[in-house]
Amino acid sequence: MQTLQHLIGGVWEDSSDDAYTDVVDPATEEVVARAPAGSPDDVDRAVAAAVRAQPAWAALPVHERVARISAWADAVAEHAGELAELECREMGKPVGIGRTFVAGAAAGLKEAAGQALSYRFEDTVDGPEGSTTRILRHPLGATAVITPWNFPVAMVLGALGPLLAAGNTVVVKPSERSPLSAVRLFELLDLPPGVVNLVLGDARAGAPLAGHDRIRLVHFTGSVDAGRKVAADAGGKLHRTVLELGGKDPVVVDAGVDPKATAAAVAFGAFLNTGQICTSMERIYVHQDIADAFVDALAEAAAAYQAGDGRREDVMMGPLVDERQRAIVRRHVADAVERGAKIRAGGVEPDGKGYFYPATVLTDVDESMLVMREETFGPLAPVVVVPSFEEGLERAGRSRYGLAATVYTNDDDHVAAAARLPAGVVWVNQWQGGGPERLYEPAGDSGMGATGSTAAYDAATRPAAVHIAARPAS
Ligand code: NAD
């Protein structure tokens, strides 16, 4: 069986201790590899390598850094199929869908790195009495990127572009549940040794990395609970943090929209990646005037998302990542049913191997239920019928999370009202998308630190001002 290694200072290395975790294929429950659990010593060596490599990397002209990163993005795009197969093996995502997301992530890396060419790393402004001020944007130094398993390749690449292009070096700790694609991703890398380092492992490696003395920024993507711990560890060391955390995103469906087309869009938003997307639609508020037709169409659409092994090209929905994740889904459904919810589609787990759970539509739901309060991260579509759009909007806004929200409406006033939703991103009559200029910061418990547009470069650099007095006339 394959035993994975860390990449430290350009060298593939074993862990310094003997702790390993199994990598399990969620469709078959077979152990497919083992990965080091990661130790504080591994983290120390990786951070030291990143610190050593940083001055020479930052000294390269920006266009050279961008060219080197772009070459990596091209290599990733060329290997999109292979990386998607590894993602499927480690976390279940169907290969066809994974290929599209890996290719998109490679293009995103290229685009984000390319923004460095127009970012103002230096600016000069006139000051009082003939003085001038130079604003210099310095790289921070060695940084840490900690990622989840739901889009293994995209999460790593999404964080790296601006950090690297701005002249920082990085220690990446991917999720312990998705190390296969991470290792392959870094085998394709051709950057100077130490510029990007890979430490495999779980929180035993993540915590010492977040709180490491010589790290200057922690970019963390993951759950709210782990995000709080990371913020505490990093805050104790006064590191800058960017936290992209969980959500419980609402969707409000107005009267007057096409119930069938909207139900198909909502099914996609709820069941894509088996509902394991931070911006999955997890609370559905539908206007009473179209509720019956919408729920019928949603239940019908759910049937198209038959859970199966993602290596089969016809499978649109894979298994959940592991039994722990399936247990959360099972608990949310049981709690809802106990409190009066009805199962309109799905809800019955298949026999046999694999952490499968069917696409499930719940009705007669209210906010006392776990499924409306806590992030599920599974293929559940709980529907609440509301008497008016305004009530739907108001109830959609009642959450401790605030990642994104979606509204389907044909009414211009309602389009305007949607902007009031307390979320980092509001989508109207679409879900996802918005392009690289999409500047936002999650609201509530869903995170901290703006992303999009030039915000990632602002976060990846430290501005310093140099004031130069006018020379006295001689
Ligand atoms: P998780 O919080 O369990 O783990 C995320 C990463 O943090 C993993 O690499 C893990 O090993 C590491 N980690 C865990 N505890 C840590 C600690 N105390 N210190 C340092 N590192 C630690 O999350 P997960 O189950 O891997 O991913 C699912 C979560 O990620 C969901 O809540 C989802 O909404 C969220 N997510 C958010 C976004 C976003 O952009 N906002 C994107 C994808 C996923």
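Predicted model: local features only at pLDDT ≥ 70, side-chain atom pairs only at ≥ 80, totals over all residues.
Residues are numbered from 1 along each chain as its sequence is written, and side-chain values use heavy atoms, with hydrogens and water left out.

Let me begin with the chain as a whole. It contains 15 helices and 23 strands, where helices (H or I, at least four residues) and strands (E, at least two) are DSSP runs numbered from the N terminus. The C-alpha trace spans about 85 × 60 × 40 Å along its principal axes. The radius of gyration is 23 Å, which agrees with the value near 23 Å that a compact globule of 474 residues would have; that radius is taken over C-alpha atoms, and the globule rule is 2.2 Å times the number of residues to the power 0.38.

Of the 474 residues, 54% count as buried, and here buried means under 20% relative accessible area, exposed means over 50%, and partly exposed lies in between, with a 1.4 Å probe and protein chains only. The chain exposes about 19,000 Å², of which carbon and sulfur atoms supply 52%; accessible areas come from the Shrake-Rupley method with a 1.4 Å probe, and for residues only the protein chains shown count as cover. Among contacts with a separation of 6 or more, 73% come from residues 24 or more positions apart, a contact being heavy atoms within 4.5 Å.

Now to the strands. Strands of a sheet pair through backbone hydrogen bonds, either parallel or antiparallel, and in what follows two strands pair if DSSP finds at least two bridges between them. β4 runs antiparallel to β5 (residues 31-36), to which 5 bridges join it, and Val 24 has Val 31 of β5 as its bridge partner.

Which residues of β11 are buried on its two faces? Leu 217, His 219 and Thr 221 are buried on one side, and Val 218 and Phe 220 on the other. That is 5 of the 5 residues of β11 (residues 217-221), so this strand is largely enclosed by the rest of the structure. β11 pairs in the parallel sense with β8 (residues 142-146) over 4 bridges, where Ile 146 stands opposite Phe 220, and also in the parallel sense with β12 (residues 240-244) over 5 bridges, where Thr 221 has Glu 244 as its bridge partner.

Strand β14 (residues 281-287) has 7 of its 7 residues buried, so it too is largely enclosed by the rest of the structure. Its parallel pairing with β13 (residues 249-253) runs over 5 bridges, and Val 251 stands opposite Ile 284 in β14.

Leaving aside neighbours within four places in sequence, its contacts are Val 266, Met 281, Arg 283, Ile 284, Tyr 285, Thr 406 and Tyr 408.

What covers the buried residues of helix α13? The cover includes β13, β14, β17 (380-386), β19 (404-408) and α14 (412-418), and the buried residues of α13 (residues 389-396) are Phe 389, Gly 392, Leu 393, Arg 395 and Ala 396.

I will finish with two loop residues. Glu 129, in the loop between β6 (122-126) and β7 (132-139), has a phi near 50°, a positive value in a residue other than glycine, and is exposed, with a relative accessible area of 78%. Asp 364, in the loop between β16 (360-363) and α12 (370-373), has a positive phi of about 55° although it is not a glycine, and is partly exposed, with a relative accessible area of 46%.
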